[in-house]
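Please consider the structure shown below.

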Amino acid sequence: MVRVHRLQIDKLNDDDLLGLYQRVLLAQDRPALKKACAEVVARSNLEGRADKAQAYGILASLTQDFDQALRYLQQARDVSRAAGKSCGPWDLEEFMMQLSRGNSSEAERLLRHIQTAHGKEPAVMQRLMQVLYQAGVIDEHGRPRGLPSEEPSGLVVPGGSAEASGKLWTPDAEAGTEKKSGLWVPGMD
């Protein structure tokens, strides 16, 4: 595997290329993976034999050029649509890229698109929730962070009245309104 990225991949026949592609995909050898993915998407005779959308997605994740990554993701969407598959995973990838770059307006647009176009795809929505949670946008219950809590802020006393909420409750509070302390202190009777 160490020398795979040195191969002249364009000289491999289709079967050998697909075998190599699977090996470098499993090994996550970035230089070899970049070459293999580029060759997979370049060969038109691999239609139906290789997941070209996946190869474009991998290329998008491997490139340092943001604009090129967006072009790869668009090609992944196009291939997915042509195959009759959802482009939701590629929309999610772009959403994550836009979030990481701080492009809030574009991330917001993509979020609305994902919710409307892919809202009935459980895998896409589950991954979206994971991304939003990891980004700190939502809490563990799926609620947006920064909103006021739905829990009451005052002390709730079982059997207490509404006007008593927010006051300190002690065991002798119902006994009377005298000024004697309801707390027991050692040595004081």
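In this predicted model, helix α2 (residues 30-42) packs with helix α3 (residues 52-62) at an angle of about 140°, and their axes lie 9 Å apart. Angles over 145 degrees would count as roughly antiparallel and those from 65 to 115 as roughly perpendicular, so α2 is oblique to α3. The crossing in which α2 passes α3 is left-handed. On the α2 side, the contact is made by Arg30, Leu33, Lys34, Cys37, Ala38, Val40 and Val41, while α3 contributes Lys52, Ala55, Tyr56, Ile58, Leu59, Ser61 and Leu62. By residue class, this contact of α2 with α3 comprises 10 nonpolar, 1 polar and 3 charged residues.

Beyond α3, the loop between α3 and α4 (66-82) holds Thr63. Thr63 has a relative accessibility of 18% and counts as buried, because the cut-off for that class is under 20%. Leaving aside residues up to four places away in sequence, Thr63 touches Gln68, Ala69 and Tyr72. Thr63 also lies 8.7 Å from Lys34, C-alpha to C-alpha, although 29 residues separate the two in sequence. Lys34 is itself one of the α2 residues in the contact with α3.

The cysteines complete the account. Cys37, one of the α2 residues that make the contact with α3, is buried, with a relative accessible area of 0%. Cys87 is likewise buried, at 7% relative accessibility. A disulfide is a covalent bond between the sulfur atoms of two cysteines. A search of the whole structure finds 0 disulfides.

Methods:
Residues numbered from 1 in each chain as written. Predicted model: local features only at pLDDT ≥ 70, side-chain atom pairs only at ≥ 80, totals over all residues. Heavy atoms only, no water. Disulfide = S-S within 2.5 Å. Buried < 20%, exposed > 50% of the residue type's maximum accessible area, 1.4 Å probe, protein only. Axes fitted to C-alpha atoms, helices over the stretch in contact; angles between N-to-C directions. Helix = DSSP H or I, 4+ residues; strand = E, 2+ residues; numbered from the N terminus. Parallel < 35°, antiparallel > 145°, perpendicular 65-115°, else oblique. Left-handed = near helix turned anticlockwise from the far one by under 90°. Contact = heavy atoms within 4.5 Å. Nonpolar A, V, L, I, M, F, W, Y, C, P; charged D, E, K, R; others polar.
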